[in-house]
Amino acid sequence: MLVIARTPLTVLPRVRCCSRTSIGWSNSNSIQRQLATSTLAHATVPAVATSSDTAASLSRRDQIRKTKPFSEFLTDTFHRQHDYLRISVTERCNLRCVYCMPEEGVSLSPSRELLTTPEIFLLSSVFVSQGVNKIRLTGGEPTVRRDILSLMQQIGSLRTHGLKELCITTNGISLHRKLDSMVQAGLTGINLSLDTLDPWQFQIMTRRKGFDAVQKSIDRILEMNRLGAGIKLKINCVVMRGVNDRELLPFVEMTREKDLEIRFIEYMPFDGNKWNRGKMLSYMEMLDMIREQYPGLQKVTDHKNDTSKTWHIPGFAGRIGFITSMTHNFCGTCNRLRITSDGNLKVCLFGNAEVSLRDILRQSNCGEPIDEEAFEAMKRIEMDRREGRVSSDQRLGVAPNEAELLDIIGMAVRNKKAKHAGIGELEHMKNRPMILIGG
C-alpha cells in the first residue's frame, strides 16, 4: 500500500462500496452491516468531554493506560515509539516565505481531496487510542482554516482519553484574533515562525506585509502567560547565510526578559525553495557567533525526543535552541509522524514514501468525503447498534475500518528507516514543498 510521492504523487485508488454518486444516507443498511461486523464496533472514538468526567475516572484510566505496552502499530523496528502526531489542516497560507514554497506559490489540491474536519477528528482519535499524547496542527497556515476553532475543540476533547498536548505551528499573522478561543479549546503550545525582527526584511523574506500583526500575537501570548495561561511559546527562525544571519544576536537578546524559546533552524532543501549549501549556516557556526557575544552560554539537558539542542544564558528569562536537521540529525530518537492535508501519512519529514489514510477512511462512506452530516449519521447508526448501552463516559466507535487503518499505519511505521538521507543526497531528492508537508 505504500506509495512514493511527488512528483507526481501516486495516490491509492478509491474503493467504491456502492453505486451512489452523492453522500445521501438511503443506503444506511449497508453501513449498519459494516459497523456491526467491524473490529472497531467495540472501540472508542471520543466525543466532546462533558462535566460528568470525574477526577477519579481520569486517574483510573491513567493507571490502566500506564500498565499497557505501547502500541505495536506506532513502534518501528528500531524500537522508537511514535507518540507525537503532526496534522496539516490546510495547504493555504497568507505568506510566501522564501524557504517554504516557490515564489509563484503551489498548486492547491481540489477541496474533495483534502481531509474534512470529521476525518481529521477520526484519525486523531485512532492515533490517541494507540498512545499518541501530543498533536500539533500545522499547514500551510492553520489559522486560515475557516473551522479551525471547532476542529481544535473537537481534538481538545481527546484530553480525557490520553491527549496531553495540543499545539499549533503558525506564522502569527491572525493568531491574536483567535488565541483566546484556542486556549479555551485546550491549546498548550505555540511554535511561531519569525525569521527577522526587521519589518522591511520581513516583507522580503515572506513576500508579504504583516510584521506588526505577528508582534501583536507574540505580545498577546506573553500577556496571557502572565495571567496564568501556561502556553509554551517557541519562536522558529530559519537562518540563511547572507539573508538574516546578522540577526542571531538580536533574537538571542529577546530571551533576556521574555520567557520564551528562540529556535534557530538550519536551512533545509524542499522542492521549489532554491536551496543551496552556501546559504546554509550550520549549528556550530551559529553557536560560535553567539558564544562570542555571550561567553557564559550554557547547555541545557535535552529530553529524549527533543528536536532542538537547547542552551541558556544565565540570568536570562528564556532559552535558545538549534534544530540541526542538516548537520546533526536527531533521527535516533524520532517520535513524530505526519499527516498531510490530503490525508497521506509521512513517517519521515525528508522521506518521499507516503500512504493514503484518507482513502481507507472513506471506504466506509463509499469513497466520498466524510462531512458533518455523514459523521452524525454514522454516530446515530452506532448508537442504534448499541441499543442505548453507551454510558456517559463511553464514546462512540464510528469508523468501521479502524483495523485496516491500523494495519496500514503499522506497515508504514515499520518501514521507517533508521535516519533520513544525508546532506549530499537530500538536495537532490524529490519531496513535496514544505508548504504541502506541514511544518
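## Aromatic pairs

Rings of Phe, Tyr and Trp (its six-membered ring) pair if their centres lie within 6.5 Å, and a pair counts as stacked with planes under 30 degrees apart, as edge-to-face over 60 and as tilted for the rest. By this criterion the structure holds 6 aromatic pairs. One of them is edge-to-face and joins Phe202 to Phe211, with 5.9 Å centre to centre and 70 degrees between the planes. Phe202 is buried at 3% relative accessibility (buried means under 20% relative accessible area, exposed over 50%, partly exposed in between, with a 1.4 Å probe and protein chains only), and Phe211 is buried too, at 12%.

The model is predicted, with local features needing pLDDT of at least 70 and side-chain atom pairs counting only at pLDDT 80 or more, while totals for chains, interfaces and linings use all residues. Residues are numbered from 1 along each chain as its sequence is written, and side-chain values use heavy atoms, leaving out hydrogens and water.

## A pair between two strands

Phe264 and Phe322 form a tilted pair, 5.8 Å centre to centre and with 40 degrees between the planes. This pair links distant parts of the chain, 58 residues apart, since Phe264 belongs to strand β7 (residues 261-266) and Phe322 to strand β10 (residues 319-323); strands are DSSP runs (E, at least two residues), numbered from the N terminus. Phe264 is buried at 0% relative accessible area, and Phe322 is likewise buried at 0%.

## Cluster and charge

Ring pairs link Phe264 and Phe322 with Phe251 and Tyr283 into a cluster. The charged end of Lys309 sits over the ring of Tyr283, 5.8 Å from its centre, where the criterion is NZ of Lys or CZ of Arg within 6 Å of the ring centre and within 35 degrees of the ring normal.

Key. Helix = DSSP H or I, 4+ residues; strand = E, 2+ residues; numbered from the N terminus.
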